Amino acid sequence: MPLERLNQAMEHIESHLDQPIDVAELARIAATSEYHFRRLFSALAGLPLSEYIRRRRLTVAGAEVLAGERTLLDVATRYGYASGEAFARAFRAHHGVGPGEARRTGAALRSQPRMSFHLIVEGGSSMRYRIVEKDEFRVAGKKARVPLVYEGVNPAIAEFVRGIGKETLDRVSALSDQEPSGIVAVSVLDDPSRAEGTELDYYHAVVTSAEAPESDLDDLDVLSVPAGTWAVFENSGPFPQALQYLWRDVFTQWFPSNPYESRPGPEILRVRPSEDGTRADAELWIPVARS
């Protein structure tokens, strides 16, 4: 997706803050899918699209509250709130003061700046990747519902993995029969905004054949994954920071520069840590489609 098209979508948001904003229309302007648009925006902006729109609406609504040219109820309905009470709650949560008090006292309000995006090329390093076509396969292992954590070790995942017995791990490992080989971390996130704290399904598992005998999968959590295209990224570095930066770089650098977009599906991470656990080699598998 060219950043020019993304910035045209941002202009559309600005001109429609006092109207319903259709994310499908934003994706059409940006020439991509709604799924990829939400994910790319979140990666570039550092917050979900819906939260950015909410903050921008409350920012311009705040300016109108201070201007005093419209009643508070008119301002509330103009920016999509069904009642003055609902507007007052949202206004106070964002600005730290109610709209009535803000108008009476001329209080200082919080502002969400308009965003536009620019691609900055840093350094001379290249991102190692390959494109892989995979037939239908299964993810088989143990699953937990955990929150999304961007920085540092995810304590919920660490605790979950520690609780898996060696016998179970050995049985799961024996099912690995294709790339990416061995035990992998598989994340399935329903919310494409990828906000910090959003819950996801995490599998500590292997990738195995779609024809694997059901008897081999007893007592395991199994996810069927349809055939499709995958972009596979490789990196090495400090653990876990380098892995978290890899995901960020994929969405902020690779996607804007290549003719692919993300598609719904699990993300698969294969990690091989060093003996002391401070560094790791990694492969990140992202489901993609040609733009």
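Modeller: Gladly, and we can start with accessibility: buried means under 20% relative accessible area, exposed means over 50%, and partly exposed is in between (1.4 Å probe, protein chains only). This is a predicted model, so local features need pLDDT of at least 70 and side-chain atom pairs count only at pLDDT 80 or more, while totals for chains, interfaces and linings use all residues. Residues are numbered from 1 along each chain as its sequence is written, and side-chain values use heavy atoms, with hydrogens and water left out.

Colleague: Why does Leu 66 count as partly exposed?

Modeller: Leu 66 has 39% relative accessibility, so it counts as partly exposed. This residue lies in helix H4, residues 49–67; helices (H or I, at least four residues) and strands (E, at least two) are DSSP runs, numbered from the N terminus.

Colleague: What does Leu 66 touch, not counting residues up to four places away in sequence?

Modeller: Leu 66 touches Ala 102, Gly 106, Ala 107 and Leu 109, where contact means heavy atoms within 4.5 Å. The C-alpha atoms of Leu 66 and Arg 104 are separated by 8.5 Å, although the two are 38 residues apart along the chain.

Colleague: What makes Glu 34 and Arg 38 a salt bridge?

Modeller: The rule asks for a side-chain nitrogen of Lys or Arg within 4 Å of a carboxyl oxygen of Asp or Glu. For Glu 34 and Arg 38 the closest N and O atoms are 3.5 Å apart, and the pair forms a salt bridge. Both lie in helix H3, four residues apart, about one turn of the helix. By this rule the count comes to 20 salt bridges.

Colleague: Arg 70 and Glu 64 also meet in a salt bridge. Why is Glu 64 called buried?

Modeller: Glu 64 has 15% relative accessibility and therefore counts as buried. Arg 70, with a relative accessible area of 36%, is partly exposed. Their N to O distance is 3.0 Å.

Colleague: What is the distance between the closest N and O atoms of Arg 128 and Glu 234?

Modeller: These atoms are 3.7 Å apart, and Arg 128 forms a salt bridge with Glu 234. The pair links distant parts of the chain, with Arg 128 in strand S1 (residues 128–134) and Glu 234 in strand S6 (residues 228–238), 106 residues apart. Salt bridges that share partners join Arg 128, Arg 130, Glu 179, Glu 234 and Glu 283 into one network.

Colleague: Which residues of the largest nonpolar core touch the most other members?

Modeller: A nonpolar core is a set of buried Ala, Val, Leu, Ile, Met, Phe, Trp, Tyr and Cys residues joined through side-chain atoms within 4.5 Å. The largest has 20 residues, and Ile 13, Leu 26, Phe 37, Phe 41, Leu 49, Tyr 52 and Phe 117 touch the most other members. Helix H1 (3–15) is one of the elements that give two or more residues to this core, and H1 has the largest share, five residues. A second, separate core of 15 residues includes Val 132, Val 188, Val 207 and Ile 268.

Colleague: Which residues of the lining lie nearest the centre of the largest pocket?

Modeller: They are Ile 157, Ala 185, Tyr 202, Leu 243 and Leu 269, from a lining of 41 residues. A pocket is an open set of points on a 1 Å grid over the protein atoms alone, where a 1.4 Å probe fits, with protein on both sides within 12 Å along at least five of seven lines; lining residues have an atom within 4 Å of a point. S8 gives the most to this lining, with seven residues.
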